[in-house]
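Below is a short report on helix packing and a metal site in one protein. Please look at the sequence and the structure before reading on.

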Amino acid sequence: MCIFLCCFFLFLTYQTAQSQIPLPNAFAHNDYEHERPLFDALQQGFTNIEADIHLVNGELYVSHDRPKSSASLLKDLYLKPLQQILKKNQGRIYPDWNGTFLLMIDIKTEASRTYQVLKEQLKQFPELLNNPYFKIFISGNRPFEEIRNEALRYAGIDGRPEDLGKDYSYNFMPVISDRFSAVCNWNGKGEIPASEWQKIKNLADKVHLEGKKLRFWAIPDQANVWNTLLKAGVDFINTDRLSALSAFLNKKPTKVILMIGDGMGTAQIFAGLTANHGQLNLMRCQQFGFHLSQPAPVSGFITDSAAGATAFSTGQKTYNKAIGVDTLKQPLATLIEIAEKYNLATGLVASCAITEATLAAFYAHQPYREMEEEIALDFLKSNIDVAIGGGKKRFTNRKDGKNLLTQLKEQKYQIADLNDDFTQYSKGKLVAFTAEEHPKSIKDGRDNQLSQGTQTAIQILNQNEEGFFLVVEGSQIDWGGHFNDAEYIAKEMVDFDQAIGIALDFAEKDGNTLVVITADHETGGLTINDGNFEKGTFEGKFTTKQHTAVMIPVFAYGCGAENFAGIYPNTAIFDKIVKVLFNR
Ligand SMILES: [Zn+2]
């Protein structure tokens, strides 16, 4: 497996090296603290960069606190490389980009003497001066009057809200900055109160009226705050999280929730829709496509859940019953494994056992889906952060006599047992068992554990700043199909749709999340011959007790949803998720 995985990751790394779309709103706070100052930010498309400087013995060092002997010189880290890039691109940092690249130099030592030295240095870098596509401005200890009275201007000044209304030009004062908490009393959690939003909006309007840009420092550095600030008109998002902000501004998700309604064809959806009086959360989705669910030719025309989920999780067609392996029974890299390689948090939620085929194909590698005890052992080898569903006995009541709960605890998992309230967990690693084998059906009284599990998993996984990948399965829609029980299907469909609602609500607020909802295959050959939205009744007819071959709908919502329009093979679900989540 290792060789395959390594090649795959090399390929992904190569892919990520290129994209470089200039991002006018991206401001790299303390840029010099990144592994490759300036160049990490440029690779992510940042167009605004901050460097703190200290004057020591006549030289300018880049550092936040008093520079250590290892500190780099401003001219080495920024002035020289910037001059080189400007020369190469005919005066621009990004070829063909018409915006102005800003270098904010934050003076930490005495304003006037430090600025004199800076000015002398800048004279040696003429490309950085009088360039419409490049501008330096000074923050921190600002030589305000000195710069204001300069006949030939080397730099502008970082303004404060109290500098507004004084007729200062853009050339002198291109940006107004303030500490976030000085303007707005919001900690970034939940929705911003309307009054606080209005304060930001008012300031942004005033700043724009003077042709200047607005920046806050010390913001809660997270997507929903970025989203809110941009909507209120703030120009610069001051961040330490270069790749996360870049993904956000490029509308590439850092979080993906893949929701699989097992056996959910269009008739199953319509059954749920009718039973729920003409309404489903699913209808909030913005993009639609279809996939062709056929397995590898060796298994004929109709897929089972194992081959179907393996196609989603690995991008490879395989034989029915295969769990995360190819037609030669060789392990394939799964989306969960790839996500973990990229430091994303990962999770699984299902209304069946977590060792059942659909979820298993995302973390296990076994030749046959029936090998659930081996699959449970594979779970221990994964580094999944949250798993919520049935299947406890695969961990505790085993042929090999092992109690895998002991190992789970050693691996720092919190374990919520059958009757525990798993919703009380909000961080750390969690395995929550909802049944020894499979949870019962909604018809037989299962509670809303699928929605609650989805909510809990999102809450925990969202603690990870790099993002997450979560798979949620509405497992029993399929079983209703096998039983040719239309009511069973409708009830499971509505239950799955409630979990969909939780995911869509999160994606809507977050702004960095993609939700993809589809099925592995249709089950039962269901069609609807009559019905009534008002009464919530319908007449379902089945053509088989097995799976069928028909096209399966794909619904997508949020960041990157547009990639899911069209008709494509089931393996393309993998390709599209890889593209939006890792090619950044
Ligand atoms: Zn089935």
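The report covers the zinc site and then the helix pairs.

This is a predicted model, in which local features need pLDDT of at least 70, side-chain atom pairs count only at pLDDT 80 or more, and totals for chains, interfaces and linings use all residues. Residues are numbered from 1 along each chain as its sequence is written, and side-chain values use heavy atoms, with hydrogens and water left out.

**Zinc site**

The zinc ion has as protein donors Asp478 (OD), Asp478 (OD), His482 (NE2) and His547 (NE2), at 2.1 to 2.3 Å. Donors are N, O and S atoms within 2.8 Å of the metal (3.2 Å for Na, K and Ca); water is not among the atoms, so sites may look incomplete. Along the chain, the donors of the zinc ion have the spacing D-x3-H-x64-H. Distant parts of the chain are linked here: aspartate 478 lies in helix H18 (residues 477-482) and histidine 547 in strand E22 (residues 547-548), 69 residues apart. Helices (H or I, at least four residues) and strands (E, at least two) are DSSP runs numbered from the N terminus.

**Helix pairs**

Two packed helices are described by the angle between their axes and the distance between the axes. Axes are lines fitted to C-alpha atoms, for helices over the stretch in contact, and angles run from 0 to 180 degrees between N-to-C directions.

| Helix pair | Axis distance | Angle |
|---|---|---|
| H17 (residues 449-461) and H19 (residues 486-510) | within 8 Å | roughly 25° |
| H7 (residues 194-209) and H8 (residues 223-232) | 8 Å | about 50° |
| H8 and H9 (residues 242-249) | within 11 Å | roughly 50° |

H17 and H19 are therefore roughly parallel to each other, whereas H7 and H8 are oblique. Angles under 35 degrees count as roughly parallel, over 145 as roughly antiparallel, 65 to 115 as roughly perpendicular and the rest as oblique.

In the contact of H17 with H19 (heavy atoms within 4.5 Å), Leu450, Ser451, Thr454, Gln455 and Ile458 of H17 meet Asp495, Phe496, Gln498, Ala499, Ile502, Ala503 and Phe506 of H19. This contact has 7 nonpolar, 4 polar and 1 charged residues. Ala, Val, Leu, Ile, Met, Phe, Trp, Tyr, Cys and Pro count as nonpolar, Asp, Glu, Lys and Arg as charged, and the others, Gly among them, as polar.

H7 and H8 pack at an angle of about 50°, and their contact is made by Trp197, Ile200, Lys201 and Ala204 of H7 with Thr228, Leu229, Lys231 and Ala232 of H8. The residues of that contact divide into 5 nonpolar, 1 polar and 2 charged.
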